[in-house]
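Please walk through this structure one part at a time. The account below begins with a term and then turns to the chain.

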Amino acid sequence: QVQLVESGGGLVQAGGSLRLSCAASGRAFSDFALGWFRQAPEKEREFVAAIACCGGSTTYADSVKGRFTISRDNAKNTVYLQMSSLKPEDTAVYYCAADQYRSVFLERPRSYRNWGQGTQVTVSS
C-alpha cells in the first residue's frame, strides 16, 4: 500500500507548460509502476503516461506523445508529468496511480491498486 498526493495543477493558457508532481508515502517506491490518467466531465478516465517498475520503460497515449514527459525521482519518492504545448482538450482532473512490480498493461486503469486524489488542470484558449 502506498499513498499518493498530486500537486501542480492550475490554469494555463493554450501553448503553455505545466509540471504535475505526485508524491508517494511508504517504502519500495522503485518497485512500483507509476501512471498518469485524466478524466474530463462526463468522460471515462483515460490513460496519459506511465513508467514501469524496476527501471522499466515509459509509455504514452497517442494524444500526448511528443508533448508530455513522465519521469521519476526515486530519492524523493516522486513521479512527475511535464506537460508542454497544452491544448484546451487537455483540460481534466489528472490522477497519479501506482502498482507494485508491474511492467505490463500500464495503460489500463484497472492495473493500478493505488490512486491519488487528483489535481485539476484547466487550459484556456
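A residue is called buried when its relative accessible area is under 20%, exposed when over 50%, and partly exposed in between. The model here is a predicted one. Serine 30 has a relative accessible area of 35%, so serine 30 counts as partly exposed. Serine 30 lies in the loop that joins β3 (18–25) to β4 (32–39). Apart from neighbours within four places in sequence, serine 30 is in contact with Cys53, Cys54, Arg72 and Asn74. Serine 124 is 94 residues away along the chain from serine 30, and 36 Å separates their C-alpha atoms.

Next comes the sheet. Strands of a sheet pair through backbone hydrogen bonds, either parallel or antiparallel. In this open sheet, four strands follow the order β1-β3-β8-β7, and the pairing is antiparallel. β1 (3–7) and β7 (68–73) are at the edges with a single partner strand each, so one side of each has no neighbour in the sheet. On average, neighbouring strands of this sheet are turned by 15° against each other, direction ignored.

The pairs can be taken in order. Five bridges join β1 to β3, and leucine 4 stands opposite alanine 24 in β3. Between β3 and β8 there are six bridges; serine 21 has tyrosine 80 in β8 as its bridge partner. β7 and β8 are also joined by six bridges, with isoleucine 70 opposite leucine 81 in β8. These two strands, β7 and β8, form a hairpin with four residues between them. In that turn, asparagine 77 has a positive phi of about 50°.

How much of strand β8 (residues 78–83) is buried? Five of the six residues in β8 are buried, which leaves the strand mostly covered.

Definitions and conventions: Residues are numbered from 1 along each chain as its sequence is written. This is a predicted model: local features need pLDDT of at least 70, side-chain atom pairs count only at pLDDT 80 or more; totals for chains, interfaces and linings use all residues. Side-chain values use heavy atoms; hydrogens and water are left out. Buried means under 20% relative accessible area, exposed over 50%, partly exposed in between (1.4 Å probe, protein chains only). Contact means heavy atoms within 4.5 Å. Two strands pair if DSSP finds at least two bridges between them. Axes are lines fitted to C-alpha atoms, for helices over the stretch in contact, and angles run from 0 to 180 degrees between N-to-C directions.
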